[in-house]
Amino acid sequence: MTSIKSPGEKNLMLFSGRAHPELAEEIARHVGVSLTPTKLIDFANGEIYARYLESVRGCDAFVIQSHTVPINQWIMEQLIMVDALKRASAKRITVVMPFYGYARQDKKGRGREPITARLIADMFKTAGADRLMSIDLHTSQIQGFFDGPVDHLFAMPVLENYLKNKLDLDNTTIVSPDTGRVRLSERWADTLGTPLAFIHKRRDLDVANQVKVSEVVGRVRGRTCVLIDDMIDTAGTICKAADALYEQGATNVIVAATHAVFSDPAVDRLKNSRISEVIVTNTLPLSQAARFDKLTVLSIAPLIARAITEVFKDGSVTSLFEGDT
């Protein structure tokens with residue numbers, strides 16, 4: 001079955017790009033439909049061709065694509081898929097991007113810089129998207145860049161449920177690796193009933209992915225510290241934060257992050273670090289080479305599937321998930 005028809009003849013259809021088909025298939029199983037057959041090929045010069053092998057006229061379409069490496073190719077593929085749906089008379093098009101590409105450039109820190117998070121939103125609106133759905137945006141303000149509904153989902157319940165079963169919460173401190181993640185860390189601390197700490201850092205604006213840890217603020221000595229972040233890219237921030245916590249007397253450091261970007265040399269840094277466990281979700285695909293003993297990957301598919309079902313049924317996404325929508 002590749003679609004669900006409601007009594008009012010609404011028709012839900014799921015579509016997947018080629019970036020992370022395993023996640024899309026898992027989402028489809030939880031929703032209870034099959035992915036719509038789609039022909040996606042590359043021409044010799046790298047241009048992408050998309051065609052749906054079933055009628056999509058009047059459907060409620062959900063286009064799933066993870067913005068992973070090579071990120072520009074997969075964003076372009078999703079844009080082309082949205083354009084094809086619009087031209088084939090889909091009734092409503094929801095772009096599902098578990099990881100929102102280019103989200104880190106969400107404001108101008110200095111003159112002559114782009115705001116790429118806004119550019120991505122504009123491109124999808126121009127392509128024909130009516131709605132966006134993403135998980136743990138780099139900053140909540142990105143929701144305002146898209147002229148339409150944005151479902152900002154949070155992986156916090158998935159990660160928290162895992163940690164609750166293995167931590168002594170009386171001896172645990174939630175730690176924000178920088179001031180930008182303090183609000184998210186506060187929600188974690190409030191939900192788990194633990195103290196909150198944060199790490200003050202300075203970033204070299206002229207060198208990408210370079211940070212300098214300054215000091216730890218909060219109660220960490222003799223405690224298990226859980227570092228919270230939205231993504232792990234090169235792992236420089238997280239590993240330096242973990243070292244700073246151990247220097248301040250932490251007995252154990254665990255990392256919980258939503259998006260495992262894992263650009264080189266992230267895997268080597270994490271494997272060789274003093275971090276005891278790295279917990280991530282499968283919003284992005286991970287090769288076997290990117291997996292290591294200390295890594296735990298949790299599935300985000302049930303969360304996305306429930307959100308898709310609620311949107312299709314015109315239900316409340318806010319009532320299902322923690323955080324602001």
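**Notes on the predicted model**

1. Thr-296 counts as buried, at 18% relative accessibility, where buried means under 20% relative accessible area, exposed over 50% and partly exposed in between, with a 1.4 Å probe and protein chains only. Thr-296 belongs to strand β15, residues 295-298; helices (H or I, at least four residues) and strands (E, at least two) are DSSP runs numbered from the N terminus. Not counting residues up to four places away in sequence, Thr-296 touches Tyr-162, Glu-277, Val-278, Ile-279 and Val-280, contact being heavy atoms within 4.5 Å.

2. As to the basis of these comments, this is a predicted model, in which local features need pLDDT of at least 70 and side-chain atom pairs count only at pLDDT 80 or more, while totals for chains, interfaces and linings use all residues. Residues are numbered from 1 along each chain as its sequence is written, and side-chain values use heavy atoms, with hydrogens and water left out.

3. The unreviewed UniProt entry places the feature "binding site" at Asn-45, Gly-46, Glu-47, Arg-104 and Gln-105; positions follow the numbering used here, feature names are shortened, and annotations may be inferred rather than shown by experiment. These residues are spread over 61 residues of sequence and also in space, up to 29.7 Å between C-alpha atoms. Gly-46, in the loop between β3 (38-42) and β4 (48-52), is partly exposed at 47% relative accessibility. Gln-105, in the loop between β6 (92-97) and α3 (116-127), is partly exposed at 34%.

4. Helix α2 (residues 71-87) packs with α3 at an angle of about 25°, their axes being 8 Å apart; axes are lines fitted to C-alpha atoms, for helices over the stretch in contact, and angles run from 0 to 180 degrees between N-to-C directions. The two helices, α2 and α3, are therefore roughly parallel to each other, a term for angles under 35 degrees, with over 145 counting as roughly antiparallel, 65 to 115 as roughly perpendicular and the rest as oblique. The contact involves Ile-75, Gln-78, Leu-79, Val-82, Asp-83 and Lys-86 of α2, together with Ile-120, Met-123, Phe-124, Thr-126 and Ala-127 of α3.

5. The largest nonpolar core has 40 residues, of which Leu-14, Ile-27, Trp-188 and Ile-308 touch the most other members; such a core is a set of buried Ala, Val, Leu, Ile, Met, Phe, Trp, Tyr and Cys residues joined through side-chain atoms within 4.5 Å. Helix α8 (residues 301-312) supplies the largest share of this core, eight residues. A second, separate core of 33 residues includes Ile-93, Ala-127, Ala-129 and Ile-142.

6. Which backbone details deserve a look? Most residues other than glycine have a negative phi, and most peptide bonds are trans. The peptide bond from Val-69 to Pro-70 is cis, with omega near -10°, and Pro-70 sits in the loop between β5 (60-64) and α2. Another cis peptide bond joins Asp-264 and Pro-265, with omega about 5°. Ala-235, although not a glycine, has a positive phi of about 70° and is buried, with a relative accessible area of 4%. Phe-262, found in the loop between β13 and α7, has a positive phi near 50° and counts as buried at 9% relative accessibility.
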